[in-house]
Amino acid sequence: MEKGQKKIILIILLCIFAFSLAYRLTHPFKQERVESLTYQGNARSVTGKERPPKDVEAPLTGGYVRMDLLNNHLKYSREVQRNIFFSIPQSNVSPNGVEQRGALQPVKTEQTIPLEVARRLQVQQELNDFKSFGYLESDEGITLFLERGKQILVVRKGDRIDGKYVIKDITQDELTITAMTINEDVHIDISQLD
């Protein structure tokens, strides 16, 4: 395209823009209004700060916190039927006593830590990741709020964490957890989790 053709196209577009702008200024848009409402349904006066009844499930709007969801939690069985997240470790030795090829061998170090001590250290390390930022006392007991990284956990007595830890008891000062891997109770001072 030559410069003369570009100027002609620009002049045509500017004329269209000026025409549409002049039309909009002389004919502004007005929202139509209705003289009276014609809906004949049930009329009910609603105030701005009306609180929902306690027995009615209301959506989380207007700044209300639904405490009934925390207090009325579902009852469930504590038995694990099938844990799909953890598999049973396979042995490197076949049934006839011959070591299988390609199987990973444990790294031999000068100091071998007993398995029981290693499990206790692992439990201690995993429990050190938790931080407590409050609890809620209700008629059903104490609900504890724990944080692990970006994950928030709401735990009560009898709940499981990661399928390995069972909450045995919660008091205002202490949390008692049964570690399934070492079959021992671990007592944690909640005030030190902050």
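Reply: Asn-183 counts as exposed, at 65% relative accessibility; here buried means under 20% relative accessible area, exposed over 50%, and partly exposed in between, computed with a 1.4 Å probe and protein chains only. Asn-183 sits in the loop between β6 (174-179) and β7 (184-189), where helices (H or I, at least four residues) and strands (E, at least two) are DSSP runs numbered from the N terminus. The phi of Asn-183 is near 55 degrees, a positive value in a residue other than glycine. Most residues other than glycine have a negative phi. Asp-162 also has a phi near 55 degrees, again positive in a residue other than glycine, and its place is the loop between β4 (160-161) and β5 (165-170); Asp-162 is partly exposed, with a relative accessible area of 36%.

Two conventions apply throughout. The model is predicted, with local features needing pLDDT of at least 70 and side-chain atom pairs counting only at pLDDT 80 or more, while totals for chains, interfaces and linings use all residues. Residues are numbered from 1 along each chain as its sequence is written, and side-chain values use heavy atoms, with hydrogens and water left out.

Glu-116, Arg-120 and Glu-184 are linked in a network of salt bridges.

Asp-185 forms a salt bridge with Lys-168, with 2.7 Å between the closest N and O atoms. Because Asp-185 lies in strand β7 and Lys-168 in strand β5, the pair ties together parts that are 17 residues apart in sequence. Asp-185 is partly exposed at 34% relative accessibility, and Lys-168 is likewise partly exposed at 42%.

On the β6 side, Thr-178 lies in strand β6 and counts as buried at 18% relative accessibility. A polar contact of 2.9 Å joins the side chains of Thr-178 and Asp-185; a polar contact is a pair of N or O atoms within 3.5 Å, where within protein one must be able to donate a hydrogen and the other to accept it, and residues adjacent in sequence count only if both atoms are side-chain atoms. Not counting residues up to four places away in sequence, Thr-178 touches Lys-164, Tyr-165, Val-166, Lys-168, Glu-184 and Asp-185, a contact being heavy atoms within 4.5 Å.

Glu-126 forms a salt bridge with Lys-164, the closest N and O atoms being 3.0 Å apart. Glu-126 lies in helix α3 and Lys-164 in the loop between β4 and β5, so this pair ties together parts that are 38 residues apart in sequence. The structure holds five salt bridges.

Leaving aside neighbours within four places in sequence, Leu-175 is in contact with Leu-144, Ile-167, Asp-169, Ile-170, Val-186, His-187, Ile-188 and Ile-190.

For the chain as a whole, there are three helices and seven strands, running α-α-α-β-β-β-β-β-β-β from the N terminus on. Buried residues make up 17% of the 194 residues. Helix α1 (residues 3-26) is hardly covered, the count of buried residues among its 24 residues being zero.

Methods. Salt bridge = Lys/Arg side-chain N within 4 Å of Asp/Glu carboxyl O.
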